[in-house]
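Keep the viewer open as you read.

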Amino acid sequence: MGQDHIRYDILAQDALRGVIRKVLAEVAATGRLPGDHHFFITFLTGAPGVRISQHLKSKYPEQMTIVVQHQFWDLKVTDTLFEIGLSFSDTPERLVIPFNAIRGFYDPSVNFELEFDVPLSDEEEVDSAEITAYPVTAEAADSAVEEKTGGDDGKKPGSVVSLDAFRKKQ
């Protein structure tokens, strides 16, 4: 198999980050989440362009998951990042999160999840991007919620399908 000079892996990640960008832009335009939708967004706190308070940075030195549901304010979305106001232990915080810093996006109301292979530090090199899609099943949703919240309801986790499984082996 020849070398991928086009870098389809990067193009696919950018396209899927575009899904997150579009969803957040629609929420920003209306000022509210439609229906029962809400989002768990996991991002690297040390990634370039991330701006969070020193308190949050010390508490979450590598990565952090935020929940966008009932209480958020001043959501602004650009082509490269989003800004949001959230409350942590009754303390208002302003976060700036570049889309390239996002490792995961999950909407449990419709069992939709995206994961991105983002290196934890500048020293780590990533040869190929991995995009993981979780099937739309109740078991998968429960598994993802359990992973995000640390709960255990006794259900088996859902299957994970990686795009790497469909790539031709060299």
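Asp74 has its place in strand E3, where strands and helices are DSSP runs numbered from the N terminus (E, at least two residues, for strands; H or I, at least four, for helices). Its phi is near 50°, a positive value in a residue other than glycine. Most residues other than glycine have a negative phi. Asp74 is partly exposed, with a relative accessible area of 48%; here buried means under 20% relative accessible area, exposed over 50%, and partly exposed in between, with a 1.4 Å probe and protein chains only.

A word on the ground rules. This is a predicted model, in which local features need pLDDT of at least 70 and side-chain atom pairs count only at pLDDT 80 or more, while totals for chains, interfaces and linings use all residues. Residues are numbered from 1 along each chain as its sequence is written, and side-chain values use heavy atoms, with hydrogens and water left out.

Now follow E3 into its sheet. Three strands form an open sheet in the order E3-E4-E5, with antiparallel pairing; two strands count as paired if DSSP finds at least two bridges between them. Strand E3 (72-77) and strand E5 (91-98) are at the edges with a single partner strand each, so one side of each is left without a neighbour in the sheet. From one strand to the next, the twist averages 15°. Four bridges link E3 with strand E4 (residues 81-88) in the antiparallel sense, and Val77 stands opposite Phe82 in E4.

Across E3 and E4 lies helix H1 (residues 8-30), running at about 125° to E3. That angle runs from 0 to 180 degrees between N-to-C directions, with axes fitted to C-alpha atoms, for helices over the stretch in contact; contact means heavy atoms within 4.5 Å. H1 has 23 residues and reaches 33 Å from its first C-alpha to its last, close to the 33 Å expected at 1.5 Å a residue, a span taken as 1.5 Å times one less than the number of residues. Which residues of H1 are buried? They are Asp9, Gln13, Arg17, Ile20, Leu24 and Val27. An α-helix has 3.6 residues a turn, so residues three or four places apart point the same way. After H1 comes Gly31, with a positive phi near 80°.

Another group of strands is worth a visit. Strand E1 (residues 39-44) pairs with E2 in the antiparallel sense over six bridges, and Thr42 has Thr65 in E2 as its bridge partner.

E6 is mostly covered, as five of its six residues are buried. Tyr106 also stands opposite Glu113 in E7, and E6 and E7 form a hairpin with four residues between them. In the loop between strand E6 (102-107) and strand E7 (112-116) you will find Asn111. Its phi is positive, about 55°, although it is not a glycine, and Asn111 is buried, with a relative accessible area of 18%.

Finally, step back to the whole chain. The protein chain comes to three helices and nine strands, and 34% of its 170 residues count as buried.
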